[in-house]
Amino acid sequence: MAARVLGRAGRLAAVVRSSAVRLQLRLHGSAGLRFGSQASFFPPLGDAMLPSGSFNNHVALITGGGTGLGRAMTATLSQLGAQCIIASRKLDILQRTAEEISSQTGNKVHAVQCDVRDPQAVSQCVDQMEALTGLPDVIINNAAGNFVCPSERLSPNAWKTITDIVLNGTAFVTLELGKRLIQNQKGASFLAITTIYAESGSGFVVPSASAKAGVEALYKSLAAEWGRYGHRFNIIQPGPIRTKGAFSRLDPTGAFEKATIDRIPTGRLGTPAEIANLAAYVSSNYASWMSGAVIRFDGGEYVSLAGEFNELRSVTPDQWKILEAMIRNTKGS
Ligand SMILES: CC/C=C\C/C=C\C/C=C\C/C=C\C=C\C(=O)SCCNC(=O)CCNC(=O)[C@H](O)C(C)(C)COP(=O)(O)OP(=O)(O)OC[C@H]1O[C@@H](n2cnc3c(N)ncnc32)[C@H](O)[C@@H]1OP(=O)(O)O
Ligand SMILES: NC(=O)C1=CN([C@@H]2O[C@H](COP(=O)(O)OP(=O)(O)OC[C@H]3O[C@@H](n4cnc5c(N)ncnc54)[C@H](OP(=O)(O)O)[C@@H]3O)[C@@H](O)[C@H]2O)C=CC1
């Protein structure tokens with residue numbers, strides 16, 4: 001009897017061992033489910049989520065509002081009734097965007113040239129804004145600079161350029177407006193756009209990771225300090241959303257796009273309209289109790305990268321039968 005049981009266990013172990021070799025070969029050959037196919041479960045919606053008029057009589061400043069995600073946020077706020085000011089270095093691009101959005105929504109978008117690295121330029125931009133619209137109710141710090149680069153190739157000026165735009169630029173805009181709003185006893189919503197690797201850090205984008213982490217510390221600190229002046233401070237950490245500015249500097253050949261999508265549990269990139277809806281909600285009076293929040297908006301990419309067993313997604317149900325048998329076979333060992 002004992003010999004029969006031992007014989008059966010031995011045969012099972014042999015089957016399991018040979019199946020395990022086949023399984024290993026197949027895994028190394030990247031067999032299994034294609035993760036990207038899950039996108040059909042998560043179709044993006046493009047229309048504005050908040051009721052129309054949610055930003056009537058509101059003024060919004062969006063840095064970097066001429067392109068990419070900043071442009072999408074400006075379009076949504078403008079559609080919902082806000083008077084917007086968009087600010088960055090390239091006046092021609094800002095003016096084109098402002099005209100296009102104004103003509104679509106019927107609400108004025110103003111273009112103001114400003115390099116956020118220069119505190120004097122920021123102060124002049126706010127002067128111009130005060131003259132055009134008065135002080136803002138909504139401030140979105142969205143302007144940024146970035147490129148992939150091995151850290152050993154970074155010059156001091158490369159480091160300074162990125163950290164000046166991202167951390168110092170956000171601080172200059174926030175402090176200049178904060179002081180004037182406090183003086184005028186006017187409350188406002190401040191939103192900073194960071195990135196998921198502000199939390200984890202990331203190789204090859206080290207100046208950006210360091211500066212975005214600084215922006216998060218700045219906003220969490222001011223959420224605690226300036227609530228007494230009527231100011232809210234929140235952070236959105238986007239995952240990958242296709243924009244010319246980001247993709248041309250972070251994946252110039254397009255070689256990494258498929259791998260990026262494959263690791264996102266919702267199987268696709270985000271869209272500018274989706275983040276614009278979230279930014280509009282966070283900046284609106286519907287979110288008046290939200291301050292100090294850090295909202296990760298990445299289709300699940302961060303947790304997907306973090307969990308050390310997540311690669312087991314590529315194991316098929318048949319392969320699981322084998323793995324389970326192997327694990328159960330360890331009983332008593
Ligand atoms: C594996 C991933 C695969 C796929 C994913 C794809 C995409 C997205 C996924 C996630 C995104 C997550 C986060 C995104 C964060 C972002 O911020 S994206 C937004 C990017 N947008 C921009 O950067 C727009 C603005 N950028 C610019 O204007 C320029 O690129 C700038 C360089 C940042 C600034 O221009 P400026 O004219 O002021 O500066 P320069 O004089 O040209 O350069 C200053 C110094 O930097 C050095 N430099 C410039 N480029 C590089 C480079 N590519 N590599 C190394 N060094 C560089 C330059 O030489 C200067 O230094 P110096 O020579 O010592 O003087
Ligand atoms: N797209 C993505 O996948 C992700 C984006 N993000 C973040 O989203 C935000 C928007 O990025 P995205 O739209 O993709 O990229 P863009 O390159 O389109 O946007 C960056 C904007 O910043 C402005 N800008 C750059 N330098 C300065 C400066 N010195 N002064 C003022 N404005 C400046 C640029 O305008 P100009 O050249 O006219 O100055 C541009 O409009 C950024 O904060 C980025 O870090 C975060 C994670 C993922």
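**Salt bridges, cavities and surface features of the predicted model**

The structure is a predicted model, in which local features need pLDDT of at least 70 and side-chain atom pairs count only at pLDDT 80 or more, while totals for chains, interfaces and linings use all residues; side-chain values use heavy atoms, with hydrogens and water left out. Residues are numbered from 1 along each chain as its sequence is written, and chains are lettered from A and ligands numbered from 1 in the order in which they are written.

Asp 262 forms a salt bridge with Lys 258, with 3.0 Å between the closest N and O atoms. A salt bridge is taken as a side-chain nitrogen of Lys or Arg within 4 Å of a carboxyl oxygen of Asp or Glu, and by this rule the count comes to 14 salt bridges. Asp 262 is buried because its relative accessible area is 18%, whereas Lys 258 is exposed at 51%.

The side chains of Glu 274 and Arg 268 also meet in a salt bridge, with an N to O distance of 2.8 Å, and both of these residues are buried. Salt bridges that share partners join Asp 127, Glu 130, Glu 176 and Arg 180 into one network. A further salt bridge links the side chains of Asp 115 and Arg 117 at 3.0 Å, N to O. Asp 115 counts as partly exposed, with 25% relative accessibility, and Arg 117 is likewise classed as partly exposed, at 27%.

Rolling a probe the size of a water molecule over the atoms shows where empty space is left. On a 1 Å grid over the protein atoms alone, a cavity is a set of points where a 1.4 Å probe fits but cannot get out, and lining residues have an atom within 4 Å of a point. Grid points are joined across faces, edges and corners, and a volume is the space filled by probe spheres set on the points. A search of the whole structure finds two cavities of 30 Å³ or more.

The largest cavity holds about 40 Å³ of space. Its lining consists of Leu 61, Thr 63, Ala 87, Cys 114, Val 122, Cys 125, Val 126, Val 173 and Leu 177. Two or more of these lining residues come from each of β1 (59-63), α4 (119-132) and α5 (156-183), and α4 gives the most, with three residues. By class, the lining has eight nonpolar, one polar and no charged residues; Ala, Val, Leu, Ile, Met, Phe, Trp, Tyr, Cys and Pro count as nonpolar, Asp, Glu, Lys and Arg as charged, and the others, Gly among them, as polar.

The second largest cavity contains about 30 Å³ of space. Asn 141, Ala 143, Val 166, Thr 170, Ala 192, Ile 193, Lys 212 and Val 215 line this cavity, and α5, β5 (188-193) and α7 (206-225) each supply at least two residues. Five nonpolar, two polar and one charged residue make up this lining.

Val 148 is placed in the loop between β4 (138-141) and α5 and is partly exposed, with a relative accessible area of 38%. Phe 204 lies in the loop between α6 (197-200) and α7 and is exposed, at 53% relative accessibility.

Phe 204 also has a positive phi of about 75° although it is not a glycine. Asn 57, not a glycine either, has a positive phi of about 65°. Asn 57 is located in the loop between α1 (2-28) and β1, and is exposed, with a relative accessible area of 78%.

Technical notes. On a 1 Å grid over the protein atoms alone, a cavity is a set of points where a 1.4 Å probe fits but cannot get out, and a pocket is an open set with protein on both sides within 12 Å along at least five of seven lines; lining residues have an atom within 4 Å of a point. Helices (H or I, at least four residues) and strands (E, at least two) are DSSP runs, numbered from the N terminus. Buried means under 20% relative accessible area, exposed over 50%, partly exposed in between (1.4 Å probe, protein chains only).
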